Structures are given as structure tokens and as C-alpha cells.
Amino acid sequence: RYAEYNERAAEVGDYFDTPEAEKGFNPHKDDDDVSMTSSDAGASWSKPVPPAGIPDGLDFSEASILRTSDGAWLMSMREDTTTSIHISRSSDGAAWTYDQAVIGGFSGYPELGQAGDGTLVMLLRDGSNGPDPYHGSWAWAWSQDDGDSWSVRTDFPGGGRAMMYGGLAQTADGSLACVFATEDDPSQPWKSASVYWTRFVVSKL
């Protein structure tokens, strides 16, 4: 299975070794998040396509995609030149349209999750006070209007540790389980990290 995975990854990677004129997208010249879709269990993939209407001159990276409880799709995107988080939307998970910037002054991989009552949660990095030169401390945001507006909080139970990456998954009782990795020693970025677990309970927001 590992060999098969590497083969598939190599096939997808071919898009990024082919001239722009042939494939229609050059990641070395474009700084947009892109989506690729498959309708055959991952055996083949569409060409990478950025969301329609995405603004020029911005540097997007590390997108998170979530299918919400009403069947719509939401994409959160990190933008590095303005230290902000933007969102795009899709009705089918294939064709995406840029929506708006929703959070300023925060960065990191904007992992998305949805609680049982429909509340959206996003993991963030506080871009204003990093404990090391590369990773800010953990923060998070929540939305109860389908992602149109977000309330940001810096009381994430990470003990002020440097943010790396995190994941969210809804549990049987409707809360959100969260696993997250942090730097062990902020003075030695990327040397080692530990993984922690916490839980978001919507009724206590």
C-alpha cells in the first residue's frame, strides 16, 4: 500500500513538473491555494484549479477544507503577506469561489471543524506574539453564521506553547476533539515536538 501511495503521489506531482502551457497552472509562479478532485477513489485527479475570483498579489498557503452539515463546502486559507485568514466556498467540493478575508492578525494552518450544533471552529496561530521566531502561540476562532463572521479567542489550552499543526473531529456527543502538536523547545524550532489532546464543548463557549 505504501508503494501504491507513492505511485499515486508521483502521478499527482507530475502536474508540477510540466510546463504551464500544457497543464494550465504553474505553482512556481502562482501563490494561490488550489483544489484537485477525484471521482475514482483517487486513481486519477483533475488538474489543480484555484478558487474563482481569488485576489491577485496575495500569497495563499495551507488550506483546510470542510464539508459542513448542510452539504456545503468551506475552505479556509492562510495569507502570508497580510497575516490573515480568508475563506472560499463551494456547493460541490469541486468548483470553488473566493469569498472574503475573515480574520486579521492571525496565521498558522487554519484547520476547520464543525460541532454537532453547527458551530464552526478554526485553529489559529497568534501572529503577534510568537514564543519562537517561526511559530506563534495557539489561538482559535468560532462562527455560528456559516463562517461569515468569526470570534477569535486566545485562551486555547496550549499553555503558551508554540503552534505547529492541529486536527479537529466531531465526537459522538457533538463536541470537537482536537489533537495538536507543539514545539518542545521554542529556542530550537523543528527539533522536536509533542502531541496533545483537548476538547471543545460548544455549550461552554
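Hi everyone, let's start with an open sheet of 3 strands, ordered E10-E11-E12 and paired in an antiparallel way. Strands here are DSSP runs of E with at least two residues, numbered from the N terminus, and two strands pair if DSSP finds at least two bridges between them. At the edges sit strand E10 (163–170) and strand E12 (193–200), each pairing on one side only. From one strand to the next, the twist averages 20°.

A quick word on the source: this is a predicted model, where local features need pLDDT of at least 70 and side-chain atom pairs count only at pLDDT 80 or more, while totals for chains, interfaces and linings use all residues. Residues are numbered from 1 along each chain as its sequence is written, and side-chain values use heavy atoms, with hydrogens and water left out.

Now look at strand E11 (residues 176–183), which is joined to E12 by 8 bridges. Valine 179 belongs to E11, and its bridge partner in E12 is tryptophan 197.

Let's move to another spot. Proline 133 lies in the loop between strand E7 (120–126) and strand E8 (138–143). Proline 133 counts as exposed because its relative accessibility is 71%. Which residues does proline 133 contact, leaving aside neighbours within four places in sequence? They are Pro186 and Pro189, where contact means heavy atoms within 4.5 Å. Serine 187 is 54 residues from proline 133 in sequence, with 8.5 Å between their C-alpha atoms.

Key
Helix = DSSP H or I, 4+ residues; strand = E, 2+ residues; numbered from the N terminus. Buried < 20%, exposed > 50% of the residue type's maximum accessible area, 1.4 Å probe, protein only. Axes fitted to C-alpha atoms, helices over the stretch in contact; angles between N-to-C directions.
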